[in-house]
Amino acid sequence: MKITLLRSLLVIGAFLCFGSTQAQEVSGSVRDANGPLPGASVVVKGTTNGTQTDFDGLFALNNVADDATLVISYIGYKTVEVAVAGKTTIDVTLEEDAEALQEVVVTGYGSQAKKEITSSITKVGEEEFNKGVVNTAANLLQGKVAGLTIYNKGGNPNVDPVVRLRGISTVGANSSPLVVIDGVVGASLNNVDPNDIESITVLKDGSAAAIYGTRGSSGVILVTTKSGKVGAVKVEYNGQLAVSSRAHLLPVMSADEFVAAGGVDLGSKTDWLDEVTINGSSKINNVAVSGGDGNSTYRVSGNFREEQGILYNSGFKQYNTRANVSTRTFNDKLRIDFDASYTKRNSNFSFNEGLRYGLLYNPTAPIYAVDSPFPFDGASYGGYFETLGLFDSFNPVSIVKQSTNLGTRDEFVYSANFNYDILDNWDVNVLFSQQTSKSNAKGYSPTTALYLGNATSPIRKGLAQLYSEERNFKLFEAYTTYNTNFAQRVNLSVTAGYSWQQQNQFNYFLSAGGFPNNALQYVNALQWSSDLDNAGFANYNSNEWPDDRIIAYFARASATFDDAIFFNASVRREGSSRFGVDNKWGTFPAVGVGADLNHYLKLTNVDLLKVRLGYGVTGALPPTFSLSQNQYVDNGSRLAAVPAFQANPDLKWEEKAETNFGIEFASGRLNATLDLYTRNVRDFILATTIENLQGFDSQYQNAGRMQTNGMELAVNYDVIKRDKISYNTGINFSTYSTVLKEFTTPQQVIADLGSPGQNSTAMIRVAVGEKIGQIWGPVFTGEVVDGSQVLADVNGDGVLNTGQDQALAEDGDFADLGSGIPDFELGWTNQLSIGKFDVNAFFRGAFGHSLINTFRAFYEPRVGSQGSYNFVNTKYANPEITNAQYSSLYVEKADFFRLDNLSIGYTFDIKENKYIKGVRLTASGQNLFTITSYTGADPEPQLVDIGETGIGAFGALGSNPLAPGIDRRNNYFAARTFTLGLNLNF
């Protein structure tokens with residue numbers, strides 16, 4: 001039914017736009033003081049006959065009567081009406097409408113004039129987005145918004161980037177910002193193609209986000225997608241073709257160097273990283289059809305992406321379609337917006353372990369068993385050579401070529417929004433939306449695979465793993481807004497509303513082994529598993545969330561006095577089914593004031609001098625449901641349950657209170673924004689050990705408090721602004737520090753280095769009164785005695801205590817070795833336009849952070865027992881060190897400055913053409929160079945400790961925000977990418 005309705009609307013729209021033609025034509029141009037205005041609307045007044053200007057601001061319109069009037073409009077400019085009066089050429093210059101420009105900033109449940117906003121809000125338009133191959137909407141903003149941190153360390157195409165706004169916002173709850181797409185709360189950035197996005201607005205401080213309650217605690221990202229415009233049918237094609245290669249690798253020894261260093265010589269010379277990596281590629285095709293008449297508009301798009309990463313067999317194919325239809329009826333009083341999108345992605349996750357073992361595997365080992373220097377039963381290992389008997393040693397080519405690790409994801413979202421104007425200054429808005437998501441992962445290692453497949457086992461070979469997850473989210477929201485004014489000096493806007501959200505989730509995991517042979521992919525035939533006859537081997541797990549609900553009532557009032565003094569206040573009363581009866585509800589207020597001082601000071605050459613102060617409280621939900629009830633797990637025999645977590649009926653909301661002071665300044669070509677903020681987060685929701693009562697020794701409790709202080713600065717300057725040439729440059733700078741004020745324990749060390757041999761070597765210190773992100777460990781003096789590092793007597797007591805049991809002791813010789821969190825980050829944008837050419841260069845950097853190079857800690861020492869593993873060979877390598885010992889030697893400063901994106905575009909001068917309205921070519925490069933002293937593969941900060949991952953992206957374990965700064969051995973490697981792009985408009 002919905003598809004039929006959409007098809008009908010498209011047919012009607014096309015008929016209205018093309019239905020009638022006459023020979024008479026009016027052509028011309030639309031421009032402003034700086035040059036052409038592409039996309040301006042030109043419509044014959046009182047009709048549906050209209051068009052839009054092309055890239056050069058030109059238009060041509062048929063069927064125009066001699067006495068007709070053209071209505072010419074463009075967002076942010078004053079609308080102009082021009083009488084045709086028999087003319088065939090009409091050229092128009094539009095003037096900026098300052099008032100209209102201020103009204104395009106979207107905020108929670110509405111919009112506000114830009115100058116009336118009292119919160120820290122940043123809007124990024126399409127022209128400012130990052131260029132080149134961008135596979136997730138989050139990466140459009142990387143480095144573009146001060147305080148918004150987006151990192152995908154290594155650039156794995158199947159892993160979502162880590163997104164943080166103003167640092168750590170929570171310890172025990174979700175720390176990613178809330179995403180709102182076209183008014184739909186809780187939407188996924190994975191379900192919107194970057195080509196379909198018109199703008200993104202980031203609500204950064206508590207006073208802006210409080211209207212969203214608990215879900216806005218980590219900030220809010222508002223996405224506005226492209227929509228149709230009144231005029232002729234417009235068809236747009238965007239295509240990109242890209243190639244990528246390894247950008248930087250951790251240096252390891254060649255076969256000759258390895259043998260010279262005393263490594264075991266197996267007679268071959270193999271560059272394992274060359275064998276498991278390839279030149280990656282990306283293919284992107286996007287087609288959009290849009291148009292509309294006076295009452296209705298539509299836009300339908302289809303997107304196809306095919307991405308092959310630099311790791312063999314890693315990448316995805318994704319299809320996405322999006323449609324929106326908007327219409328007005330009942331004398332233009334009712335506006336109906338319908339949006340729908342569907343995304344299907346087929347992923348090949350491959351195995352990051354292929355990169356890990358590609359670095360450490362013996363470089364003299366052969367790939368295939370046939371080249372073995374000694375008799376080897378290659379048939380039992382799929383024809384591949386393996387160094388049997390060694391711990392943690394697997395042929396990386398066998399890993400990525402024998403085993404499979406696949407996944408699928410299907411997401412469907414639709415929403416219907418109804419806005420009715422009761423009066424000219426009073427409207428009601430009702431929205432209903434539903435989102436469904438299904439994810440599946442399927443991994444299989446055959447009986448001949450040593451890694452995971454257990455090929456050396458006499459009885460249980462092969463491994464099959466399945467994971468499936470289904471989510472269903474429903475949203476209903478209704479609110480009303482009333483606007484009025486008093487004595488022509490006071491404008492007041494009041495909004496009140498109701499929100500209902502419900503999520504249901506089900507997942508399961510299956511793991512089985514012991515298959516008879518390689519005749520089948522037994523992940524599709526689990527009935528052949530011998531685990532079915534042997535207790536204790538197969539693994540089955542399933543979970544279902546009941547109706548997980550949030551109900552809220554909210555209100556907001558905004559007032560403007562004398563067009564220069566601004567006041568905003570909001571409150572949200574929210575209840576969640578995740579809490580007990582006594583603490584289901586929380587209240588989240590916000591207030592903000594601001595003033596345009598220049599309205600009274602009348603400073604020369606100053607267009608804006610605004611100060612603002614905002615305060616807001618938001619909350620955070622528990623990580624799971626039913627924490628107010630007793631929880632149990634099976635006792636291992638599946639015959640009885642044993643206590644896990646004791647009920648806590650007093651569990652309450654985690655709260656974040658944030659104060660933000662801002663200054664906004666504009667003078668001609670220069671504009672700048674400064675924000676200073678402090679936030680206090682208290683009552684973390686944490687699993688805590690308790691005194692054993694009724695068999696329970698754990699309980700979720702409210703505990704802890706942390707404080708973050710930060711500063712953000714954004715400066716933008718139009719260096720050149722002329723008709724044929726323009727150059728704009730902008731810098732954003734951000735810095736923050738987070739101190740743990742209270743916690744469950746005064747101090748602890750966390751995040752173990754891992755195996756082999758260093759499972760109990762913790763690297764991060766978490767201590768009350770100290771900054772979060774403190775890398776902790778012994779200090780290397782630079783001397784080596786008998787193959788061991790000489791460590792410093794840090795406290796000077798004459799006794800060296802560097803055992804892990806002394807890590808927090810008063811007489812322990814441990815020190816702060818660096819911070820996993822940068823001191824500051826910056827982004828530098830440069831946009832140059834010369835005639836038909838345009839150049840965009842974007843630089844990004846992070847400074848003051850350190851990384852624990854775990855590859856070096858394990859494989860740089862020339863340990864005699866590790867002569868069958870390759871050695872890491874950085875500038876810090878010391879052949880005298882033959883014993884492994886974690887210390888400051890393996891903690892490196894990771895400051896970097898990178899040319900993140902460089903794009904060059906050319907817009908062709910298309911003469912009068914009946915079919916093609918515009919052609920544009922672009923060439924871009926990403927990650928073109930990086931200035932850094934870090935010896936690892938990628939100096940980008942590691943904001944959370946990812947630990948070890950399971951099968952595919954869907955089986956990944958959680959991450960720890962209290963342990964930043966660890967460059968683990970399972971990270972993907974960074975790539976350098978070159979892209980050609982084509983844009984066609986019809």
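**Reading a fold, step by step**

Tutor: Gladly! Leaving aside neighbours within four places in sequence, Asn190 is in contact with Thr136, Asp160, Thr343, Arg409 and Glu411. Keep in mind that this is a predicted model.

Student: Where is Asn190 found?

Tutor: Look in the loop between β15 (184-185) and β16 (197-203).

Student: Is Asn190 buried or exposed?

Tutor: Buried means under 20% relative accessible area. Asn190 has 18%, so it counts as buried. Its side chain also makes a polar contact with the side chain of Asp160, at 3.2 Å.

Student: Now a sheet, please. What is the order of the strands in the open sheet that contains β6?

Tutor: The order is β4-β3-β6-β7, four strands with antiparallel pairing. At the edges stand β4 (50-52) and β7 (80-83); each has a single partner strand, so one side of each is left without a neighbour in the sheet. From one strand to the next, the twist averages 20°.

Student: How many bridges join β6 to β7?

Tutor: Four bridges join β6 (residues 69-73) to β7, and the two run antiparallel.

Student: Which residues touch the most other members of the largest nonpolar core?

Tutor: Of its 68 residues, those are Phe684, Met706, Ile764, Ile852 and Tyr886. Ile852 is in contact with Ile764 and Tyr886, and among its other contacts beyond four places in sequence are Met763, Ile775 and Gly965. A second, separate core has 39 residues, including Val134, Leu141, Ile181 and Val220.

Student: Last, helices. What should I know about how they turn?

Tutor: An α-helix has 3.6 residues a turn, so residues three or four places apart point the same way. Now find α6 (residues 353-360): it is mostly covered, with eight of its eight residues buried. Among them are Leu355, Arg356 and Tyr357.

Student: What covers the buried residues of α6?

Tutor: The covering elements include α5 (272-276), α7 (396-402) and α9 (854-859).

How values were computed
Residues are numbered from 1 along each chain as its sequence is written. This is a predicted model: local features need pLDDT of at least 70, side-chain atom pairs count only at pLDDT 80 or more; totals for chains, interfaces and linings use all residues. Side-chain values use heavy atoms; hydrogens and water are left out. Two strands pair if DSSP finds at least two bridges between them. Axes are lines fitted to C-alpha atoms, for helices over the stretch in contact, and angles run from 0 to 180 degrees between N-to-C directions. A nonpolar core is a set of buried Ala, Val, Leu, Ile, Met, Phe, Trp, Tyr and Cys residues joined through side-chain atoms within 4.5 Å. Buried means under 20% relative accessible area, exposed over 50%, partly exposed in between (1.4 Å probe, protein chains only). Contact means heavy atoms within 4.5 Å. A polar contact is a pair of N or O atoms within 3.5 Å; within protein, one must be able to donate a hydrogen and the other to accept it, and residues adjacent in sequence count only if both atoms are side-chain atoms.
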